Amino acid sequence: MIFKHLQKRLGFTVQIAAAITFALLAGPTTPLARAADAIRIPDSTHNLLGEARISGNLDSFGKGQRGRAEHVVFDFAKGTFKTDSEWHEYGVGFGEDLGVVAEDKPAYWLAEWPHAVEANLIALTGAYPNQPQLDAAWKIELRRDGAWSTHARGVGDWYDRGQYLWGGAGVAPLRFDALRVSVFSKDDKTPIKSVHFRGEAGKSWLVAKIPPFSASIKLNQRQIRAGQETEFAVENSVGDIRSWKWNFGDGTEAEGAKVRHTFKKSGNQIVALTISDGKEQVMVRQTLPVLSSVLVDMEPLKGTIMVAQPALFAAKAIAGRPTQFTWDFGDGTTAKGQRVNHAFAKPGIYQVRLTASAGEHEDDCLALVRVHTPATRHLPQVLLDTDAKNEQDDQHYLGYALFSELDVLATNSIHHGGGQEPVNYAEIQHVYKLSVESGLPQHRLPTIFRGANERLKVPAGGKWNDTEPIVTAASEAILAAARGASPDNPVWIVPVGPGTNTASALLQAEREGVVLKDRIRIIWLGGSNDAIVREFNGDNDPWSMYVVAQSGIETWIMPAPVGARVAINKAIEGDLYAENALGRYLKQIVPDGNKALFDPACISVIISERLGLGWVKETEAVTIAGPEQNYRWTKTEAPSSVRVIREIDQKAMQLDLFNTMKARPTRMLGVERPIKR
């Protein structure tokens with residue numbers, strides 16, 4: 001149901017920015033541009049690799065193979081990879097050692113054209129950040145008339161750090177009929193391993209000829225609503241542009257560098273801007289979600305909802321003038337009216353949906369509402385958010401939360417890169433299936449919501465609240481949890497991966513008028529001892545946690561080195577695992593030796609803080625700097641919404657983790673200890 005809501009409310013469209021902001025490089029042997037995240041490629045770009053014969057020799061090393069050579073090529077005009085695949089990469093088996101690889105017999109990727117092509121832009125992506133190739137030498141070569149020449153070369157550099165970029169609109173094109181990218185040992189003693197080439201949507205692999213002019217579309221407002229006039233303008237103009245022609249996708253056109261237009265209907269609209277210098281022309285397209293003229297939200301609940309007791313549900317119009325309000329309470333009953341009272345006959349978690357309409361336009365929003373008995377009214381409410389396929393600690397975190405007496409409202413899936421979010425989602429489902437086989441009541445299983453598969457983009461001006469959210473069912477679920485929460489028991493949002501879902505929800509709330517203050521609290525597992533970055537979760541999307549820190553919402557950070565103190569060594573502590581399907585699975589997937597479990601410590605914090613158990617021994621209030629200071633945090637004596645956990649009782653946390661999954665959780669049902677603020 002949430003996806004239906006997304007399509008109506010926000011169009012559920014990923015917009016591809018149309019500006020060309022390439023750094024102009026001096027020549028073919030100039031090092032790469034470092035600002036990979038700033039790359040913008042017009043969606044009309046014709047990738048010449050689509051006409052080439054793509055091949056490689058990685059299978060010749062006998063080390064297994066990940067993907068095929070053509071899997072890395074992105075079709076910019078269609079907005080998809082040329083060939084669909086799970087990882088969009090071409091490599092040898094993970095961790096496979098190729099030994100010393102000589103430069104004259106390298107591992108290579110090759111594109112060959114039946115005739116010579118002209119190009120002034122080459123964009124390639126190298127190793128994953130968590131699989132660096134520090135000792136790998138690389139070489140990019142171009143062939144013309146049977147002769148190869150070196151275009152660029154180095155050691156580590158782009159291949160270690162991510163993006164190789166040469167050229168741009170102002171660079172004279174080169175003519176060639178083949179492109180070869182080689183990787184080899186930096187000397188005759190250093191082996192290389194895990195060699196792979198990866199493709200990134202909207203960034204690589206690309207060979208193209210870009211005309212000497214460009215522009216992008218600028219809107220005078222963040223959101224477009226049907227019936228409201230919108231100003232469209234041209235910005236980031238490069239070169240001598242002499243004409244601008246607009247097609248708004250609804251049968252209307254206009255000319256000029258600045259125009260106004262009103263869409264009559266909601267839904268996705270493809271706006272096309274054709275620019276020309278009198279000789280050549282380029283079309284810049286942008287898919288815009290035109291929202292309904294109506295935007296509605298629920299007023300915050302006044303308090304805890306108890307079974308069989310009437311509770312007031314009220315709607316508020318954020319935009320437009322809705323004339324009809326319809327409520328679906330998720331228990332088989334409905335009601336009409338802007339303010340209605342409803343009593344739930346049974347306890348549980350309900351998805352309450354409000355739909356408001358004005359003529360042909362409508363909008364809806366969702367709340368996750370927990371209906372309590374006296375025994376459950378003080379249980380901490382939790383929304384899990386995990387990249388479970390990344391590490392074994394996520395599976396322990398899921399099992400811990402499910403078998404605890406915490407009130408788990410929902411679970412969000414998140415995983416960046418390589419199309420892995422569906423794999424991650426399936427892993428969560430697998431853990432939940434094993435949990436039921438291990439005695440978890442079916443009614444305890446929360447709904448799983450699909451989340452982001454890419455990181456947030458840092459806005460050009462560097463202001464956190466200018467960031468475009470990645471709207472997914474998972475970000476909507478966080479808002480739904482906030483709508484259903486009460487001030488005396490806010491919901492804990494517990495991201496143990498990148499913070500993209502959480503940050504997106506905060507950004508949406510700011511734009512949609514959703515009240516979050518006193519409705520949610522956040523605890524994130526990630527970061528190093530002194531910064532968001534230099535740790536896997538933080539490095540995956542550091543800007544997202546910067547957004548969270550600036551939002552003013554109460555946030556606790558469990559740095560990875562602190563969470564790592566909760567660990568397991570199955571060789572000597574194997575008896576801690578439960579003798580059931582989930583216990584056996586967790587024991588199987590944990591590697592030999594001492595394994596840091598990281599994520600479960602966040603669940604322990606919630607239990608400890610609720611009951612005053614003292615498992616959190618030391619915290620400090622901090623302020624968090626932006627990317628210019630490498631996302632460092634600094635202790636502060638001033639009031640701050642962010643605190644970093646420094647010391648924990650890891651033994652108590654480990655014991656509670658494994659006792660809980662043996663059906664001996666810390667008792668919370670019926671405990672009336674007031675919430676600690």
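Trainee: Which residue in β11 is the bridge partner of Val117?

Mentor: Phe176 is the bridge partner of Val117 in β11. Before we go on, keep in mind that this is a predicted model, in which local features need pLDDT of at least 70, side-chain atom pairs count only at pLDDT 80 or more, and totals for chains, interfaces and linings use all residues. Residues are numbered from 1 along each chain as its sequence is written, and side-chain values use heavy atoms, with hydrogens and water left out.

Trainee: What makes β6 and β11 a pair?

Mentor: Two strands pair if DSSP finds at least two bridges between them. Strand β6 (residues 107–119) and strand β11 (residues 174–185) have nine bridges in the antiparallel sense, so they meet that rule. The names come from DSSP runs numbered from the N terminus: strands are E runs of at least two residues, and helices are H or I runs of at least four.

Trainee: Why are β1 and β9 called edge strands?

Mentor: The open sheet has five strands in the order β1-β6-β11-β8-β9, paired antiparallel. β1 (53–56) and β9 (147–155) each pair on one side only, and that makes them the edges. From one strand to the next, the twist averages 20°; such angles run from 0 to 180 degrees between N-to-C directions, with axes fitted to C-alpha atoms (for helices, over the stretch in contact).

Trainee: Which strands stand at the edges of the three-stranded sheet, and why?

Mentor: That open sheet has the order β10-β7-β14 with antiparallel pairing. Three bridges connect strand β7 (residues 121–125) with β14 in the antiparallel sense, and Ile122 has Val207 as its bridge partner in β14.

Trainee: Why are α12 and α13 called roughly perpendicular?

Mentor: Roughly perpendicular covers 65 to 115 degrees, while under 35 is roughly parallel, over 145 roughly antiparallel and the rest oblique. Helix α12 (residues 600–611) and helix α13 (residues 650–660) pack at about 95°, with axes 10 Å apart, and are therefore roughly perpendicular. Pro600, Ala601, Ser604, Val605 and Ile607 of α12 meet Met653, Asp656 and Leu657 of α13, where contact means heavy atoms within 4.5 Å.

Trainee: And what makes α3 and α12 roughly parallel?

Mentor: The axes of helix α3 (residues 392–403) and α12 cross at roughly 30° and come within 8 Å, so this pair counts as roughly parallel. α3 brings Asp393, His396, Tyr397, Tyr400 and Ala401 to the contact, and α12 brings Pro600, Ile603, Ser604 and Ile607. By class, there are six nonpolar, two polar and one charged residues. Nonpolar means Ala, Val, Leu, Ile, Met, Phe, Trp, Tyr, Cys and Pro; charged means Asp, Glu, Lys and Arg; the others, Gly among them, are polar.

Trainee: Is Val642 buried or exposed, and why?

Mentor: Val642 counts as buried because its relative accessibility is 3%. Val642 lies in strand β41 (residues 642–648). Leaving out residues up to four places away in sequence, Val642 touches Ala549, Thr555, Ile557, Glu620, Ala621, Val622 and Ile624.

Trainee: What makes Leu669 partly exposed?

Mentor: At 39% relative accessibility, Leu669 counts as partly exposed. Leu669 sits in the segment after α13. Its contacts, again not counting residues up to four places away in sequence, are Ala375, Thr376, Leu379 and Glu405.

Trainee: How many disulfides are there?

Mentor: A disulfide here is a pair of cysteine sulfur atoms within 2.5 Å, and by this rule the count is zero. As for cysteines, Cys365 counts as buried at 0% relative accessibility, and Cys602 counts as buried at 0% as well.

Note on methods:
Buried < 20%, exposed > 50% of the residue type's maximum accessible area, 1.4 Å probe, protein only.
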